[in-house]
Amino acid sequence: MDKIIKVLVSTDTKDWNEKAAEGAVKRGIELNIIERNGKVLLDNITRLKPDVVLMELYMQGMDAFSVINTMKKNLREQDLVLIWLFMY
């Protein structure tokens with residue numbers, strides 16, 4: 001059995017959300033989309049334990065750099081790919 005890749009996305013871009021969700025299902029990817037909020041993102045990283053996190057650089061509550069720095073301090077045991085995006 002192939003490993004299901006768990007992806008967590010923090011964005012408010014509705015068009016992207018719909019297209020990404022459709023593509024993920026076709027490829028067997030577990031996709032969780034949450035609001036664009038760094039604090040909510042950190043909580044969900046801890047709870048969902050994703051393999052990949054996509055986040056926007058500027059978010060409410062905490063920006064991507066703060067999320068990464070917090071994770072370096074608190075979540076060292078978790079293998080995780082972090083990707084941040086700059087959308088305008």
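## Overview

Of the chain's 88 residues, 36% count as buried, where buried denotes a relative accessible area under 20%, exposed over 50%, and partly exposed the range in between (1.4 Å probe, protein chains only). The model is predicted, so local features need pLDDT of at least 70 and side-chain atom pairs count only at pLDDT 80 or more, while totals for chains, interfaces and linings use all residues. Residues are numbered from 1 along each chain as its sequence is written, and side-chain values use heavy atoms, with hydrogens and water left out.

The chain exposes about 6,100 Å², of which carbon and sulfur atoms supply 53%; accessible areas come from the Shrake-Rupley method with a 1.4 Å probe, and for residues only the protein chains shown count as cover.

## Confidence

The mean pLDDT of the chain is 81, and 85% of its residues reach 70 or more; pLDDT is the predictor's confidence in each residue, on a scale from 0 to 100. Confidence is highest in helix H2, at a mean of 92, and lowest in strand S4 (residues 81-85), at 69. Where pLDDT is low, the predicted coordinates should not be read in detail.

The chain contains three helices and four strands, taken as DSSP runs numbered from the N terminus (helices: H or I, at least four residues; strands: E, at least two). Along the sequence, these elements follow the pattern β-α-β-α-β-α-β.

Among contacts with a separation of 6 or more, 63% are between residues 24 or more positions apart, a contact being heavy atoms within 4.5 Å. Arg 27 and Ile 4, 23 residues apart along the chain, are separated by 9.4 Å. Ile 68 counts as buried, at 12% relative accessibility, whereas Arg 27 counts as exposed, at 63%.

## Nonpolar core

The largest nonpolar core has 15 residues, and those with the most contacts inside it are Leu 8, Leu 41, Ile 45, Val 53, Met 55, Met 59 and Val 67. Such a core is a set of buried Ala, Val, Leu, Ile, Met, Phe, Trp, Tyr and Cys residues joined through side-chain atoms within 4.5 Å. The elements that give two or more residues to this core are H2, S3 and helix H3 (64-74). In soluble globular proteins, nonpolar side chains tend to be buried together.

Apart from neighbours within four places in sequence, Leu 8 is in contact with Asn 32, Ile 34, Leu 41, Asn 44, Ile 45, Leu 48, Pro 50, Val 52, Val 53 and Leu 54.

The structure holds one salt bridge, defined as a side-chain nitrogen of Lys or Arg within 4 Å of a carboxyl oxygen of Asp or Glu. The partners are Glu 56 and Arg 36, with their closest N and O atoms 3.1 Å apart. This pair links distant parts of the chain, 20 residues apart: Glu 56 is in strand S3 (residues 52-56), and Arg 36 is in the loop between strand S2 (30-34) and helix H2 (38-48). Glu 56 counts as buried, at 4% relative accessibility, whereas Arg 36 counts as partly exposed, at 28%. Side chains of opposite charge can pair when their charged atoms come close.

Ser 10, in strand S1 (residues 6-10), is buried, with a relative accessible area of 1%. The Ser 10 side chain reaches the backbone oxygen of Glu 35 at 2.8 Å.

In helix H2, Asn 44 is buried, with a relative accessible area of 9%. A polar atom of the Asn 44 side chain lies 2.9 Å from the backbone oxygen of Val 40. Leaving aside neighbours within four places in sequence, Asn 44 is in contact with Leu 8, Ile 34, Lys 49 and Pro 50.

Lys 49 is located in the loop between H2 and S3 and counts as partly exposed, at 48% relative accessibility. Phi of Lys 49 is near 50 degrees, a positive value in a residue other than glycine. Within helix H1 (residues 14-27), a polar atom of the Arg 27 side chain lies 3.0 Å from the backbone oxygen of Gly 23.

Key:
A polar contact is a pair of N or O atoms within 3.5 Å; within protein, one must be able to donate a hydrogen and the other to accept it, and residues adjacent in sequence count only if both atoms are side-chain atoms.
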